[in-house]
Amino acid sequence: MTDAIQTTVPSHGLRTPRSQGARHSRRSVSLSGTWRFRLSPTAQGTGPLPGADTAEWDEIEVPGHWVLQGYGDPLYTNTAYPFPIDPPRVPDENPTGDYVRTFVLPHGWRREGATLLFQGADSAARVWLNGTEIGWWTGSRLPAELDVGELLREGENTLAVRVYRFSAGSYLEDQDMWWLPGLFRDVLLLEGRAIDDIHVHADYDHTTGEGILRVDVTGPGGGPLEASIDLPGLGLRELPAAVEHRIADVAPWSAESPTLYDLTVRAAGEEAEQRIGFRTVSITDGVLQVNGTPIRMRGVNRHEQHWERGRSLTYDDMLTDVLMMKRHNLNAVRTAHYPPHPDFLALCDTYGLWVVEEGDIETHGFIYDGWERNPPADEAWTPALIERTARMVERDKNHPSIIIWSLANESEGGVGFDAIEAWVRDRDPSRPIHYERDRTYHNSDFYSVMYPSLQEVAAIGRREEETPEALAENPEGESRRRALPFLLCEFAHAQGNGPGSLADYEEIFASSDRFCGAFVWEWIDHGYRATTEAGETYVRHGGDIDYQPNGQRYCHDGLLFADRTPSPGLAQYAKVNEPVRIVVSGRAVTVTSRYQVRDTASLAYGWVLERDGIEVARGDLDVPVLAPGESAEVPLALPGESGGVGEAWLTVSAAVREDTAWAPAGHVVAWGQGLLDGGAPRHVSPAQAGGVDQRGETVAVGPLVLDARTGAVRALGELPLTDLQLDVWRAPTENDHGQGALNNTAKMWRAVGLDRMLHRVDGLDIDAGSVTVRGRTAPATQPFGLVTAFTWSPVDERSVRLTVDITPDGPWHDTPYGHHRVVLPRLGVRLALPASLESLTWFGLGPGEAYADSREAARVGRWSLPIDSLGVSYPHPQENGNRHRVRWAALAGTGTPGLRVDADGPIDVTVRRCTNHDLDRASKPYEIPRREATYLHLDHALRGLGSSSVGPALPEQYEIPIESTRYAVVLTVTD
Ligand code: IPT
């Protein structure tokens, strides 16, 4: 029977789905571990399974994906199906894995009602116990439970499972992720018990402070079971189940204050345990509320992903994710795009994260058939959609952290959605429903879109957004939609360097209570650790596997790199989401609580005063405990400070006062900075070291030596300094590439030739006080260019001033390429220094990389890093490592003179061992050459990052204006 792979019928032989809690409360035998394994290239061509002699078979680990254990490759597609669109059939070429193991039934076990539980089998499985077929199912990320009572034997039992890589169910699983077959979650044998399932209804009445509790207990066959409940944490014992109890003085559950109570259910002489939280979700006047309080979700989209184990996560992986989210000020997660491992949800309950749980349904690839035959629009698939939804809702119904059910992702609309919406509303009226991709939103309690521009979001906040086309002729539907709260299920595509504008979005979100939450796409890069034959390690993306079609690098779009180290984007998001806002203005500090539920009693505050980045004084700050939304202005008595050279900055930070479940005492959650005074300018002595001195082929400007004919720089005192030229290029970021033809700025750059600018020196103006090197830099074939004047003037015997004048020349604005006008990647000068320089110390924003639209996490200070630690190794090499708003910077090394740069106004500084072009040419980090030089970029500006890899064009304010520009730096050779 190959039903599982050729019919819209979703399963055969599964028992009624039930809660994870009810399953958890019974004795179990883990069937994880080593199984016998045999892989066949097709479903039809596999050998007989029950009774097969497995002695010669391989061994494989469960949970796991066979493609990550040496059998074939994982495939990555974003929107495309890896098989022809001909639902519900899949091709013969369909690797099929046979798994066999034995287990021993523990003594004294109750067999009646015993089950086998598969927490996840991708994509379909068929099971035999002791030679008898007991069922099959589709639904990869959903539990499947089968009754086995009668078939269990005392002593040894043999379990055989056939798993198909593709099945009819795969048509419902076209999420943007790797296709990863196998028994990838736990397999368990569960004992039979009288308590079959528990359904907890635990509301909170915020007007009285009461918890409203009803616990429905069912027995075998699903009928109600007479039961009693204990809640020792609230001093309650032996309350009857199935009736509503109003309980005084309950501490409600919220992401900020995740109070859980242990519930014990007693029935038929048995006990079952369930942790519960009291909370009520409502939508009132278009505002999402929990326990009567409007909430805003600051979230991420989380796929389950590990760079070696794929979607087989360990408990530690899940805990790491939850702790990292909490430590980065996130309070919400959308389980994109399927139900996660159940332990993840228990962790969200415990640590406090709002959860939007999404069904395992996505039919994105039907877009290539104009959405013809889309399963949700075809009644034949409705039972499968309902079954998927039920297996999620029944498993997870008792989790307080889940406040919204999301029906599916990217599957257009149809009767199937009406059916699953109705099913959820009937079974669980306590939670609102989200579905984004049906533009009538008639199945959804939220208005929702993906990747809108800042302008679009602002209009949504005012409830003035454009009417979706689908509702143009439906005024009633449209006025319903316009009254809905707005849930931004995906924004800020975190592919490569970026995303930009997180702070801009946050400012708009804060402007309207219509915004109930936003979820960055996405949490973690889906890449695999790999090693070349030469032993170089890298992270594999879709295009690194010889398979078509594939979604290339779109799987690397997370705030965490594939190895779970945070990217700079996560630091930005943490800062934007800080729970208190600290504004330092002069000597006054204003602290505003952005908590929604709890007060700020858990925070302690401190301040540091620095001049030119050197600490002058520090102390604690008493800030009154603030209620949600409340502000306090706190005066700060600073010690008398004598002034000095360089800017004085006051930094105030808020940290966790005592160890919490998710962070140690001292963990900083928020900070703010203010400039106290600009300080005295750095002392620069008037030109003493003589002025300009021409000697044959060279000309000296103070310590600087230039070629008298070409104007090329040679040295600053003892320090070789060469290759100074105007540089407008950067290795395009993922966002510079846009999305195909859309916003593909990098393609325009290359077509126009900004990656191969040609330089010309027009002449040198040498006079007693300065030398000006005049020139023009422009791309081949183009009539436009940049006229440059580099003016060198002596400062003293070790320093020289460089004034850079850049004047656009020719028809820049009238030479569009395709839909694009010409914009610049960067604007500044680049020069080469000896490789012996080792470190960079700077005063400006740091310590991490920062860009005009992605700089929130960087603060003003004096920072020092080895040159080799300045960059960020994005899995696909691209622009990185810029330091923003730098006032001065110093390069030093052992046994070599150093260089100090003082900028007149803040500049961008990049230092690396390779050129922009080197970085651009590499397709993996190990291909980036390490040159015998140190390249220093002193930029007037860099283009912002944006998030156009999937998203809007870069906002205009982050483009570099093409206009006459002047900036100046003093270069000093140091010992
Ligand atoms: C959106 C998908 O929902 C998500 O799974 C992911 O593919 C993301 O895009 C891009 O990385 S769909 C897109 C057409 C907006």
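## Rings, sheets and helices: worked exercises

The charged end of K575 sits over the ring of W671, 4.2 Å from the ring centre. This is a predicted model, where local features need pLDDT of at least 70, side-chain atom pairs count only at pLDDT 80 or more, and totals for chains, interfaces and linings use all residues. Residues are numbered from 1 along each chain as its sequence is written, and side-chain values use heavy atoms, with hydrogens and water left out.

### Exercise 1: charge over ring

Task: Find the ring that the charged end of R481 sits over, and give the distance.

Solution. Start with the rule: NZ of Lys or CZ of Arg must be within 6 Å of the ring centre and within 35 degrees of the ring normal. For R481, the ring is that of Y447. The distance to the centre is 4.4 Å.

### Exercise 2: aromatic pairs

Task: Count the aromatic pairs, then classify F83 with W179.

Solution. Step one is the rule. Rings of Phe, Tyr and Trp (its six-membered ring) pair if their centres lie within 6.5 Å; planes under 30 degrees apart count as stacked, over 60 as edge-to-face and the rest as tilted. By this rule there are 30 aromatic pairs.

Step two is a practice pair. The ring centres of F37 and W66 lie 5.8 Å apart with planes at 40°, so the pair is tilted. F37 is in strand β3 (residues 33-42), and W66 is in the loop between β4 (58-62) and β5 (75-77). Strands (E, at least two residues) and helices (H or I, at least four) are DSSP runs, numbered from the N terminus. The two residues are 29 apart, and the pair links distant parts of the chain. Both F37 and W66 are buried. Buried means under 20% relative accessible area, exposed over 50%, and partly exposed in between (1.4 Å probe, protein chains only).

Step three is the pair in the task. F83 and W179 have ring centres 6.2 Å apart and planes at 70°, so the pair is edge-to-face. This pair also links distant parts of the chain: F83 is in the loop between β5 and β6 (93-105), W179 is in strand β13 (residues 177-179), and 96 residues separate them. F83 and W179 are buried.

### Exercise 3: an open sheet

Task: Give the strand order of the four-stranded open sheet and name the strands at its edges.

Solution. Two strands pair if DSSP finds at least two bridges between them. The order is β38-β37-β40-β41, with antiparallel pairing. The edges are β38 (614-621) and β41 (668-677); each has a single partner strand, so one side of each is left without a neighbour in the sheet. From one strand to the next, the twist averages 20°.

Now take one pairing. Strand β37 (residues 603-611) meets strand β40 (residues 648-656) over nine antiparallel bridges. There, R611 stands opposite A648 in β40.

### Exercise 4: a hairpin and its other partner

Task: Trace the pairings of β17.

Solution. Strand β16 (residues 197-205) joins strand β17 (residues 210-218) through nine bridges, and the two run antiparallel. I198 has V217 in β17 as its bridge partner. β16 and β17 form a hairpin with four residues between them. G209 in the turn has a positive phi of about 75°.

Next, β17 pairs with strand β20 (residues 245-247), antiparallel, over three bridges. L213 stands opposite H245 in β20.

### Exercise 5: helix packing

Task: Describe how α4 packs with α5 and how α8 crosses α9.

Solution. Two packed helices are described by the angle between their axes and the distance between the axes. Axes are lines fitted to C-alpha atoms, for helices over the stretch in contact, and angles run from 0 to 180 degrees between N-to-C directions.

Helix α4 (residues 382-396) and helix α5 (residues 415-427) pack at about 30°, with axes 9 Å apart. That makes α4 roughly parallel to α5. Angles under 35 degrees count as roughly parallel, over 145 as roughly antiparallel, 65 to 115 as roughly perpendicular and the rest as oblique. The crossing of α4 and α5 is right-handed. A crossing is right-handed if the near helix is turned clockwise from the far one by less than a right angle, and left-handed if anticlockwise.

For helix α8 (residues 502-509) and helix α9 (residues 568-576), the axes come within 10 Å and cross at roughly 25°. α8 is therefore roughly parallel to α9. Their crossing is right-handed.
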